[in-house]
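Subject: Structure for your review

Dear colleague,

Please find below the structure that I am handing over to you. I would be grateful if you kept it open while reading the notes that follow.

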Amino acid sequence: MSAPKIPVYRRHKAVGQAYVNVDGRQVYLGKFNSPESHERYRRVVAEFCARPAVAISRPVSIDGLTVVELAALYWKYAQAYYIKDGKPSGQLPHVRVAVRSLRDLYGETPAIDFGPLKLKALRQHFITQGLSRRYINDTIACVRRLFRWAVSEELVPSSVYQSLAALPGLKRGRSEARETDPIEAVADTLVEGTLPFLRQVVADLIRFQRLTGCRPGEACIVRPGDVDGAGAVWLYTPRRFKTQHHGRSRVIFVGPKAQEILKPYLDRGQEDYCFSPGKASRHYSKDSYNRAIKRACDKGKLPVWHPNQLRHTAGTEARRQFGLEAAQVVLGHSQADVTQIYAERDLSLAVKVMTAIG
């Protein structure tokens, strides 16, 4: 996306005033070439550059801004903001649901009048639709972010967001919202029974993920250039991962068994994908990976399982043999220490675990 064109300092000859054009309107700055006009010009340019990449047509008064208008503005902003590696991130579907629901239920409501009771009503609407508690909490959090963004853009008063922030999320067992079943580990016998009905590359992708305990998306995008094979346990650093936007680091430990699976796929370009469905420039997505497993289960008349369960199987094994802390470190959970003080301890613990089970 190209950078916005900076408004030009201009002179209005008829009145002797300096001005700039911003969003199709003239903003007068004071007497042309005066220090005051240049100071105000710098302030206008700074505010212009601080805006989101998507231009916003601001209403004359925030009192007249409706919820549907605000939702439309936020949707434009979100489409430019929630991008990861040039593609829409997983957060965008929540934004879409939030925007559509606000439009349908409270579209004509003034944005400044949207308070906790209306947010509660929106939440109840989701509950009656049969959505899960976790999904509802995520979508309501998205609505809050919408209004927090609106405050930062001076589209609504800060009191609007502050009142919405007072509404707590739904708690397990304390609401009518549907609870989802926890993701369970998949038995190794079921996994092994599925492999004969899969292409070799998908079977090896499954074996690699099972041994390393990485996320499905992380297993799909491994490339030779991302793997440090200097030690007894290799270190795989994915280019993108789930918590990347939080500024966290991610290292996946590849033990001897997983190394044997991966080795044949390292004989390619450093930027090519190891587990590729065809061209080395392409890789399986989480969805296509999951579909391949489902088709294999159907073909073999086996219970259907999905790739996320492999991660839980690996975590369960690590916890059983080495304890909770070991499972946290290997799986890369945020609860594991990431400070410099504990980094060396965590590395040695992960190496010990993956030498034994990976």
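Leaving aside residues up to four places away in sequence, R210 touches D188, L310, T313, A314 and E317. Please bear in mind throughout that this is a predicted model.

One of these neighbours, E317, is also joined to R210 by a polar contact between the two side chains, at 2.8 Å. R210 itself lies in helix α8. Is R210 buried or exposed? Its relative accessibility is 12%, and residues under 20% count as buried, so R210 is classed as buried.

R250 is found in the loop between β7 (234-236) and β8 (252-254). With a relative accessible area of 4%, R250 is buried. The side chain of R250 makes a polar contact of 3.0 Å with the side chain of E218.

I turn next to the packing of two helices. Such a pair is described by the angle between the two axes and by the distance between them. Helix α8, which spans residues 200-212, packs against helix α11, which spans residues 286-299. Their axes are 11 Å apart and form an angle of about 110°. Angles of 65 to 115 degrees count as roughly perpendicular, and α8 and α11 are therefore roughly perpendicular to each other. Which residues meet where α8 and α11 touch? From α8 come V202, L205, I206 and Q209, and from α11 come Y289, A292 and I293. Of the residues in this contact, six are nonpolar and one is polar, while none is charged.

Finally, there is a sheet to examine. In general, the strands of a sheet pair through backbone hydrogen bonds, in either a parallel or an antiparallel arrangement. Here three strands form an open sheet in the order β1-β2-β3, with antiparallel pairing. Strands β1 (10-12) and β3 (25-31) are the edge strands, each pairing on one side only. On average, and with direction ignored, neighbouring strands of this sheet are turned by 45° against each other. Strand β2 covers residues 17-22, and its antiparallel pairing with β3 runs over six bridges. To locate this sheet in the display, you may look for A18, which stands opposite G30 in β3.

With kind regards

Key:
Residues numbered from 1 in each chain as written. Predicted model: local features only at pLDDT ≥ 70, side-chain atom pairs only at ≥ 80, totals over all residues. Heavy atoms only, no water. Helix = DSSP H or I, 4+ residues; strand = E, 2+ residues; numbered from the N terminus. Buried < 20%, exposed > 50% of the residue type's maximum accessible area, 1.4 Å probe, protein only. Polar contact = N/O pair within 3.5 Å; in protein donor to acceptor, adjacent residues only side chain to side chain. Axes fitted to C-alpha atoms, helices over the stretch in contact; angles between N-to-C directions. Parallel < 35°, antiparallel > 145°, perpendicular 65-115°, else oblique. Contact = heavy atoms within 4.5 Å. Nonpolar A, V, L, I, M, F, W, Y, C, P; charged D, E, K, R; others polar. Pairing = 2+ DSSP bridges.
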